[in-house]
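Open your viewer and get ready to click around. We'll go stop by stop, with something to select at each one.

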Amino acid sequence: MTTAQIPVVGYLRVEPVPHLVAQRCVACGALFLDRRNGCGRCGAEDFEDHRLATTGTLRSYTVVHRSGPSVPVPYISVVVDLDGGGCVMGNLAGVRPDPAQLMPGQRLRLTTAGAGTDDAGTEAVAFRFEPA
Amino acid sequence: MSSPDLWVLGAAMTPFTRYGPDVDLVDLAHRAARSALGDAAVAFPDVDVLALGTAYEPNTNPAQRLLRQLGQTGIPAYNVVNACATGAAALRLACLAVAAGEADIGLAVGAEKMGKAGLLGNATRPKTDGTRTFSPSGRYGSVLPVEGLLGTQTMPGIFSHASTEYALQHGVTFEQFARVAEKNHAHSTLNPLAQYQKAFSLDEIMAADTVAWPNTLLMCCPTGDGAAAVVVVSGERLRSLGDEQRRRAVKISASVMTTQPWTETDGVVYDINTVTRTAAHRAYETAGVGPDDLDLVELHDCFASAELLHYDNLGLCEPGGAGDFIDSRAPWRDGRIPVNVSGGLLSKGHPIGATGLAGIYEVVTHLRGEAGARQIDDARVGLAHVLGLGSTCAVHILERAAA
């Protein structure tokens, strides 16, 4: 029996392979990850689903050592410029939480990991990045 | 766009510190307001409009509560909130009322009682005890709080992201970011109103606990309490006032506010740069001055690494050259363009609603030649910048001039 899964955010698709889906402004092409009323760039109100690449380049990062209660630290937060457009923030896995691990132009790829299970047995699935 | 004929007639701030439970928001606002009115040599009944900025208590009618202590003259009053640009927004409102001809004299007050409330309070993860059922909610359709799961949106995290983006592009080092804090802590030793007045060595700053790399604890502003106030007057009214008032008045050559234009990281991480660049560009154009004309700058160093980016955003250094700029000691008080000679948010403190007006107070005090031990000699033109996440930027350019 497979466990029921739910993505932690609406812009993550788990099946058939994990990827992100943006809302693309039909008029100007601006990409958004949240529910929209209109486009912040041009004001138009028509959007279409736009599949984002699962690979990209490091744009910025920080190594978080202090956070609120129950947030495990340290960890690396990254913003990734996805190939072909769009950018997204996520955690970086697979490297030590050390700024020396991060280089300009570093290539990253999207993966997924479980983020907990609710009382009905449904598993939340989060995305994260790792070195490509 | 030309600048309206607006002047600062009076300015004041309380010490920034942690006040006890017997001092509330209205006490702080009243102290700053009374001091600014005294500095302006204006009686409160002559004030035509009041704007009171506070980020934490805007829904408690603080402006009306202040009027009950200053005198209920029946003037229009505004309760203002605009994140860390709250105090500057209050000043903008007073300026707008005077520029529109609805008021001759306006009073802008900013006050905050933060206590020890940290800025990490929203960084929580779900409790694992008790029942829960995953159900998408909010504009991102999230089934869990995502702090620490999908990166970070804490204040230190956001500003550190912005800083590493600049560092990846331009090769800025951790040591260069830390030098900003070394400078501002050193500057604060000359400011009796600063929350902290202690110098730290570069080694101490770099060895302090990391909050969000590259910012260590000594590279993050503290929370605290305090208030600041500014009296604004029209040029026409100023010319009817006394010699001493005219002599000490400081010209507002530009008062600009901008909000964040769309950029490709919108909704992912706040862009603190574009909003500042557009505000600075408009302020320089309005005032008819450039970065080389500035004798001092008070800018929004909520984190040491953010100050470094604003050297570039405000055009104080060559494009991409902010690291070299701090290495050259240009922004030290004896350098080419002194930056945050008050100690900045890092050491003077950052009671949110007061910050924007405290920056104005600092610049005004230098332009009047009244800054005592920390006076920048013969200061004639100064710039005050604040940034509120969301984002909003306010830039004021002030000049010593004959009324």
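Start by selecting Arg36(A) and Phe32(A): the arginine lies over the face of the ring, 3.9 Å from the ring centre. Here, "over a ring" means that NZ of Lys or CZ of Arg is within 6 Å of the ring centre and within 35 degrees of the ring normal.

Before moving on, some ground rules. This is a predicted model, where local features need pLDDT of at least 70 and side-chain atom pairs count only at pLDDT 80 or more, while totals for chains, interfaces and linings use all residues. Residues are numbered from 1 along each chain as its sequence is written, chains are lettered from A and ligands numbered from 1 in the order in which they are written, and side-chain values use heavy atoms, with hydrogens and water left out.

(Rings of Phe, Tyr and Trp, the last by its six-membered ring, pair if their centres lie within 6.5 Å; planes under 30 degrees apart are stacked, over 60 edge-to-face, and the rest tilted.) Phe32(A) sits in strand E4 (residues 31-32) of chain A and Phe47(A) in strand E5 (residues 47-51) of chain A, so the pair links parts of the chain 15 residues apart. Strands (E, at least two residues) and helices (H or I, at least four) are DSSP runs numbered from the N terminus.

Buried or exposed: which is Phe32(A)? Phe32(A) is buried, at 3% relative accessible area, while Phe47(A) is partly exposed at 21%. Buried means under 20%, exposed over 50%, and partly exposed in between, using a 1.4 Å probe and protein chains only.

Next, select Tyr11(A), Phe127(A), Phe129(A) and Tyr140(B), which form one aromatic cluster.

Now hop to chain B and pick helix H5 (residues 174-188). Of its 15 residues, 11 are buried, among them Phe174(B), Phe177(B) and His185(B). The buried residues pack against several elements of chain B, including helix H4 (155-170) and helix H10 (304-313); contact means heavy atoms within 4.5 Å.

Last stop: the open sheet of 9 strands in chain B, ordered E3-E2-E4-E7-E1-E8-E11-E10-E9 with mixed pairing. Its edge strands, E3 (77-80) and E9 (296-298), each pair on one side only. Two strands pair if DSSP finds at least two bridges between them. Zoom in on E2 (residues 49-53) and E4 (residues 105-113) of chain B, which run parallel over 5 bridges; Val49(B) has Gly106(B) as its bridge partner there.
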